[in-house]
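Have the 3D view open and follow along.

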Amino acid sequence: MAEPHRVAIRFDASGAVGGGHAVRCLALADRLADCGAEILLLTNAGADEVVPALARRHRWQAVGAGGSAALEAVFGAWRGGADLAIVDHYGWAAADERLLRPGTRRLAVIDDLANRAHDCDLLVDQNAGRVERDYAGLVGPLVPLLVGPRFALLRQAFSTLREKARVRRGAPAGVARVLVSAGLSDPGGVTRLVCEMLSRVEQRMRVDVVVSASAASHAALEGLAARDPRFVLHAAQDADAMAALMLEASLSIGGGGGTSWERCALGLPSLVVVLAENQRQGAHALASARAALVFEPDEAGLAAVGRAVVELLSAPEALGSMSEAGLGLVDGRGTLRVASACADLMEGITLRVAGPSDGQQVWRWRNAPAARAASRVTEEIPLGAHLDWYSRAITNPQRVILIGHAGGEAFGMVRFDETGGGTWDVSIALDPARTGRGLGTRLLRRACAWLEADRPVRAFSAAARETNAASLRAFSTCGFSLGDPRDGWVAMTAERGPRGHA
């Protein structure tokens with residue numbers, strides 16, 4: 001059995017920094033752990049006070065600020081170092097990343113700023129309005145860039161409730177509920193200021209307020225809730241509880257950080273208060289997408305928030321339009337996509353969707369004697385007939401063809417065909433010169449994870465000749481259940497739940 005991948009994740013959480021880096025890194029850590037990885041979280045001392053969930057599942061260690069301290073911690077945890085290090089820290093740039101390099105085979109960076117050079121093998125920036133050219137000259141020319149809300153790192157609870165949220169947004173509302181959450185530590189006291197402003201608004205509503213018990217504004221908010229029964233104060237919530245509050249809310253008021261994407265995934269209309277300069281671009285991109293309205297955290301801005309609350313709560317059509325825009329912007333599968341890309345790095349495999357120029361290569365793989373012998377159609381396929389089929393195949397929305405690369409060279413393909421109800425039939429073909437090295441199993445595992453991150457998948461199905469031991473072994477290793485042989489063939493299936501497994 002293969003050793004689990006070893007993944008170290010470096011981030012900070014504090015009253016000044018907030019908990020956003022921790023929340024998104026924990027979402028990614030959970031997904032990688034679900035796929036069998038061993039996780040080590042490296043943070044500043046006291047991070048667990050800001051994010052109590054920090055040590056509930058994963059090993060956690062406080063380290064110093066720079067790359068050398070992280071390197072020492074990684075070698076202390078694993079004698080051979082990590083398979084992957086992930087860095088989510090505004091204080092790090094290429095110099096610290098290079099210091100960590102001896103302790104990891106691959107290094108990924110999560111960034112929001114596009115303002116400094118990175119020494120990494122993968123970069124993630126989940127912000128709306130961000131484009132790949134923003135990182136031109138800041139990373140190597142061949143570094144994969146996962147850019148935009150398609151890669152939003154959301155906790156599983158927000159993905160799970162997405163369809164329920166879609167149904168709820170279309171249903172008649174009872175008493176309007178406003179969710180106020182401008183960061184666990186309430187930087188600048190914005191949550192308090194917003195709530196004090198709302199307390200002066202004559203509006204029938206319930207206001208759910210989320211803030212850490214350690215926030216300086218907590219006592220004032222407790223007093224407000226005691227005076228005004230419309231306000232309900234919640235301590236810093238875990239993901240399930242926070243997702244439930246977002247599901248029930250009619251409107252949200254909050255910052256422009258990572259919770260913006262959680263709100264979008266659940267179709268929750270938002271009034272975004274820009275709490276830091278690095279939130280500005282993303283907040284205005286949300287506004288351009290009509291998923292939010294944006295305000296400044298000054299007296300005039302907060303007064304405008306109050307007016308917007310009254311106007312929107314009496315305009316269900318406007319709320320519905322904002323909800324649909326948010327749902328369209330964030331599909332809730334970003335964590336799956338990033339985890340799949342991280343696994344690709346560790347496996348040494350990259351995947352891409354097949355294009356027109358791959359037709360002859362696919363034909364050569366499919367026409368190899370071993371491939372034909374393993375197929376239901378054993379005769380050689382003429383190139384012209386194949387290219388006609390291929391041109392239709394790559395434009396068919398119910399079919400996906402992925403090309404696998406290792407060592408910079410294409411070595412095989414996986415084809416998925418949707419057969420109905422979220423079930424996808426799988427077939428695989430390899431370069432005959434690359435068989436016998438375990439690449440087929442790795443390609444199959446990564447391709448299935450790729451599809452799960454991109455499409456709703458209820459189950460996979462496949463079939464192999466009962467004499468094809470290598471294929472049966474590969475599918476079994478990747479979690480497929482093998483049926484009894486019938487007419488020389490073995491049917492194979494892999495069920496997937498709401499989350500799926502990579």
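A residue counts as exposed when its relative accessible area is over 50%, as buried when it is under 20%, and as partly exposed in between. Keep in mind throughout that this is a predicted model.

You'll find D487 in the loop between β19 (481-482) and β20 (489-495). The phi angle of D487 is near 55 degrees, which is a positive value in a residue other than glycine. Why point that out? Most residues other than glycine have a negative phi.

R290 has a positive phi too, near 65 degrees, and is likewise not a glycine. This one sits in the loop between α11 (280-288) and β13 (292-295). R290 comes out at 62% relative accessibility, so it is exposed.

| Residue | Relative accessibility | Class |
|---|---|---|
| S181 | 10% | buried |
| F75 | 37% | partly exposed |
| P397 | 52% | exposed |
| W389 | 25% | partly exposed |

Take S181 to begin with. It belongs to strand β8 (residues 177-181). Which residues does S181 contact, once neighbours within four places in sequence are left aside? They are T191, V210, M242, I253, G254 and G255.

F75 is part of helix α3 (residues 67-77). Skipping its neighbours within four places in sequence, F75 is in contact with G80, G81, P102 and G103. For a sense of distance, pick D125, which is 50 residues from F75 along the chain: their C-alpha atoms are separated by 28 Å.

P397 lies in the loop between α17 and β15. If you don't count residues up to four places away in sequence, P397 touches W424 and R455. P397 and E418 are 21 residues apart in sequence, with a C-alpha to C-alpha distance of 8.9 Å.

**Rings and a charge**

Now for the aromatic side chains. How many aromatic pairs does the structure hold? There are four. One of them is W389 with Y390: the ring centres are 6.4 Å apart and the planes stand at 50 degrees, so this pair is tilted.

Elsewhere, ring pairs join F416, F460, F475 and F480 into a cluster. Another ring to look at is that of W489, because the charged end of R376 sits over it, 4.1 Å from the ring centre.

**Helices side by side**

In one of them, helix α7 (residues 190-199) packs with helix α12 (residues 299-313) at about 50 degrees, and their axes are 10 Å apart. The two helices are therefore oblique to each other, and the crossing of α7 and α12 is right-handed. On the α7 side, the residues that meet the partner are L193, V194, M197 and L198, and on the α12 side they are L302, V305, G306 and V309.

The contact is made by K164, A165, R168 and R169 from α6, along with M246, L247 and E248 from α9. The crossing of α6 and α9 is right-handed.

**A helix under cover**

Finish with helix α15 (residues 359-367). Which of its residues are buried? They are G359, V362, W363, W365, R366 and N367.

How values were computed:
Residues numbered from 1 in each chain as written. Predicted model: local features only at pLDDT ≥ 70, side-chain atom pairs only at ≥ 80, totals over all residues. Heavy atoms only, no water. Phe/Tyr/Trp six-rings, centres within 6.5 Å; stacked < 30°, edge-to-face > 60°. Buried < 20%, exposed > 50% of the residue type's maximum accessible area, 1.4 Å probe, protein only. Lys NZ or Arg CZ within 6 Å of the ring centre and 35° of its normal. Axes fitted to C-alpha atoms, helices over the stretch in contact; angles between N-to-C directions. Helix = DSSP H or I, 4+ residues; strand = E, 2+ residues; numbered from the N terminus. Parallel < 35°, antiparallel > 145°, perpendicular 65-115°, else oblique. Left-handed = near helix turned anticlockwise from the far one by under 90°. Contact = heavy atoms within 4.5 Å.
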